[in-house]
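Student: Could you walk me through the pockets of this protein?
Tutor: Gladly; let us start with the terms and then go pocket by pocket.

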Amino acid sequence: MSRVTGGDGPGETTEIGRDAADAAAFRALPSVTDLVRAARTRGAALDDAALTAVARDRLDEQRAAIRAGARPARATVEAGVAAAITAIERPRLAPVLNATGVIVHTNLGRSPVSAETAAAMAAAAGGYVPLELEPETNERGGRMGEIARLMRLLTGAEATLVVNNCAAAVLLVLSAVAAGRGVVVSRGEAVEIGGGFRVPDVLRQSGAALVEVGTTNRTYARDYAEATDETTAAYLKIHPSNFRILGFVHAASAAELADLGRPRGIPVLEDVGSGALLDTARYGLAAEPTLAESLAAGASVAMASGDKLLGGPQAGIIVGEATWVDRVARHPLARAVRADKTCLAGTAATLRHYARGEAELKIPVWRMIAAPADAVRRRAEALAAALTALGVAASVEPSAATVGGGSLPGECLESFAVALDGASVGADEEGLARRLRVGDPGVYGRIERGKLLLDQRTVLPEEDEALARAVVAAVREQGG
Ligand SMILES: *Cc1c(COP(=O)(O)O)cnc(C)c1O
């Protein structure tokens, strides 16, 4: 492959010269054996086959870089291998502290579950559970019994099915109820709910035809009535979780649509989104629709996420009339999106908190929502004082926390944040924020007006000490 293309001036590198130089750089690379031995000396826990594969990958990358003109130092190559090994050995999904002020933070894994829920999930994961057996009779039973009993208590639902997430719930319900037929949806609700989840696409995927009615801002029950014919399988309502249209707006209620559909045997299917089982209005927030309200209004099937305001593990909750829920459960897709034993154990443990009336005391997202602003301020002041005493300049600033997770857009909860001024610790805020994120535990705050804010509302009181220690460690590392 060597072509002579240069060499007309002194000091110019010819392609032949480049090839020779490349060959020298290749020879200067450490061997796989050297790299594996060095990793072993540093105490790597991976076995020889894994270390060899990592070393080979890095060497391949370095050879490509050499061909592109790079001349990597031996130490750089060794450090690259060490970093690649650490990236495999160190668990990525270790818990971090959420000081962003966003309660249901999708990028941080949505809702943390209660201690009791986490314990139930760990116990179910680590052992066998009578998932599909009735202990009394040793006969085969459904996996939904426990959750169905709890849901009936909490929402009045005749039947419940739990699947992987709410997106799966909507896809499954539409597939089972409406494939090959029409589903009437308000133009104002044919929306994008989250990344990659668009109502028209989900409908198409289910094999149902979207029949859009009304306008973006106003849709009436009569619009649904006019669009109804013998091909109509259902009326679908989607809660516009993550945006709000203000002003001249109207939506047909689930109750109106249920009245319209009942004589024709057309069910109302409602995706309420956040899965709130408590009334958000009690905490000065706008009211989020609940599963119980949706069913009481006459929806045949209501759906929600398990890991937003319900505060449980990731799940899609399907509740409603037994004839419809059973039909959904029998659809082949149900098997493809079913929930596992840890999800079911965790969902049941979370629902039991509601049944005992202790959601505000036990479920993290509700503890955060219900915390009085005064208590949040006092904890922020204590943290700022503790940091200041340890030589880290910190002050308390008013803040506005949000529910997040695509619920209650524009709604804020009064909060307080500890503000760290990057300059006072010899760094810019971005650098300080990075140090905090990569610490152990990692801490995620937000940058506002040139300051790093640690919002106290999304940190639980039992995490305050860990937060203080993590901040001090990050700042010290910065200075040193
Ligand atoms: C969040 C949301 C979904 C998606 O829920 P996942 O559990 O993330 O699949 C669907 N519909 C509505 C209305 C939502 O708010």
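Tutor: On a 1 Å grid over the protein atoms alone, a pocket is an open set of points where a 1.4 Å probe fits, with protein on both sides within 12 Å along at least five of seven lines, and lining residues have an atom within 4 Å of a point. The model is predicted, so local features need pLDDT of at least 70 and side-chain atom pairs pLDDT 80 or more, while totals for chains, interfaces and linings use all residues. Residues are numbered from 1 along each chain as its sequence is written, and side-chain values use heavy atoms, without hydrogens and water.

Student: Which residues lie nearest the centre of the second largest pocket?
Tutor: The lining of this pocket has 35 residues. Nearest its centre are Glu-189, Lys-237, His-239, Pro-240 and Ala-251.

Student: Which element gives the most to that lining?
Tutor: Helices (H or I, at least four residues) and strands (E, at least two) are DSSP runs, numbered from the N terminus. Strands S10 (232-238), S11 (268-273) and S15 (407-420) and helix H11 (291-297) each supply at least two residues. The top contributor, with 3 residues, is H11.

Student: How much space lies in the largest pocket?
Tutor: A volume here is the space filled by probe spheres set on the points, which are joined across faces, edges and corners. For the second largest pocket that gives about 710 Å³. For the largest pocket it is about 1300 Å³.

Student: Which residues lie nearest the centre of the largest pocket?
Tutor: This pocket is lined by 38 residues. Those nearest its centre are Leu-93, Ala-94, Pro-95, Val-96 and Leu-108.
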